[in-house]
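Here's a quick briefing to read alongside the model. Take a look at the structure first, then work through the points below.

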Amino acid sequence: MIDEQHAEWLEERGIPIELAISEGLESFPDGLGFPCVSTNGEVLYHKIRRIPDQDGRRFRRDRSGTETVPWGLHTLPEPGSEIEGDRTLVITEGEMDRLAQLASGAQYVISVPDGAPKKHTLPTDAATDKRYQWLFDGQRLKPVFDQFDQFVLSMDADEPGECLKLDLFARLGKARCFVETRPDGSKDANDILLEHGADELERRRVSAEAAMPLLFDVPSKIDEPPLEVYETGWSQLDPYLKYMRGGLVVVTGNPNAGKSQWVLGQFCQLARVHGMRCAYLGMEGRQSSQKRDIQRYAKSDRKSTRLNS
């Protein structure tokens with residue numbers, strides 16, 4: 001049940017009361033409760049937002065003896081099930097930002113359990129990485145998170161938000177992370193919803209910037225000259241082998257099968273038929289015999305060098 005005071009406060013933040021009810025928000029004597037639910041549907045604890053703040057303290061948690069989970073965990077699909085729609089998980093810094101994302105049409109959204117840290121930390125191992133233990137199953141990401149192709153990070157535009165973003169990069173893998181940008185003057189997703197509307201928040205989420213961008217821009221159309229293809233000069237081989245500049249051809253076979261002699265003959269054919277300049281480095285055989293073979297190819301009639309018979 002959400003009382004009138006809390007309902008008015010939610011509406012002032014641009015959050016429809018119907019959405020708040022569907023997400024399980026509940027009024028408590030000292031604030032508005034956000035239910036943190038396990039994957040099996042059990043309410044583990046409530047995170048209470050004091051309205052108004054009391055002595056500068058905004059939140060209260062009653063989670064003693066329970067595991068810490070992000071708000072919205074129970075709304076994610078079970079691993080192995082078919083994910084409907086976009087395989088993107090939006091991760092917000094705060095509960096109101098999660099509601100704002102849902103109000104703008106996001107499908108899968110969670111908010112981190114403890115907000116943003118004061119400094120950036122790199123993960124050591126799951127046992128000592130206490131702030132982010134909710135992400136891991138041993139040393140690996142929990143399957144409920146790992147099933148998503150990408151993560152859109154919706155952090156506050158301040159120093160703690162930057163620290164949280166870097167922390168998540170290090171734990172989720174930067175290649176799968178995208179960062180939602182902020183308009184000037186908007187600190188978080190809820191601000192964007194209030195100041196610019198749901199459509200603008202959706203646009204910024206969909207067009208979130210890759211945390212690991214391409215090193216260069218790939219043009220939509222690449223104008224390249226047509227490839228020049230060269231025949232071998234042997235009619236019976238031409239249907240099966242052709243050359244282009246910059247290519248690599250590996251000739252292999254049993255010892256003493258005539259590989260070197262064939263390569264030398266091919267160079268001579270390319271020079272004769274296409275006017276190519278070829279360099280040949282023979283690591284076997286005497287220089288005098290190789291020179292003699294080249295002279296023989298040069299003096300032979302072109303027709304006699306084609307394998308027409």
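**Helix 6 and its partners**

Let's start with helix 6 and helix 7 (residues 198-206), whose axes come within 7 Å and cross at roughly 135 degrees. Axes here are lines fitted to C-alpha atoms, for helices over the stretch in contact, with angles running from 0 to 180 degrees between N-to-C directions. Keep in mind that this is a predicted model: local features need pLDDT of at least 70, side-chain atom pairs count only at pLDDT 80 or more, and totals for chains, interfaces and linings use all residues. Residues are numbered from 1 along each chain as its sequence is written, and side-chain values use heavy atoms, leaving out hydrogens and water.

*Helix 6 with helix 7*
- On the helix 6 side, the contact (heavy atoms within 4.5 Å) uses Ala-189, Ile-192, Leu-193 and His-196.
- Helix 7 brings Ala-198, Glu-200, Leu-201 and Arg-204.

*Helix 6 with helix 3*
- The axes of helix 3 (residues 95-103) and helix 6 (residues 189-196) come within 7 Å, crossing at roughly 50 degrees.
- So helix 3 is oblique to helix 6.
- Met-96, Asp-97, Ala-100, Gln-101 and Ala-103 of helix 3 meet Ala-189, Asn-190 and Leu-193 of helix 6.

*Elsewhere*
- Val-229 is found in strand 12 (residues 229-231); helices (H or I, at least four residues) and strands (E, at least two) are DSSP runs, numbered from the N terminus.

Conventions:
Parallel < 35°, antiparallel > 145°, perpendicular 65-115°, else oblique.
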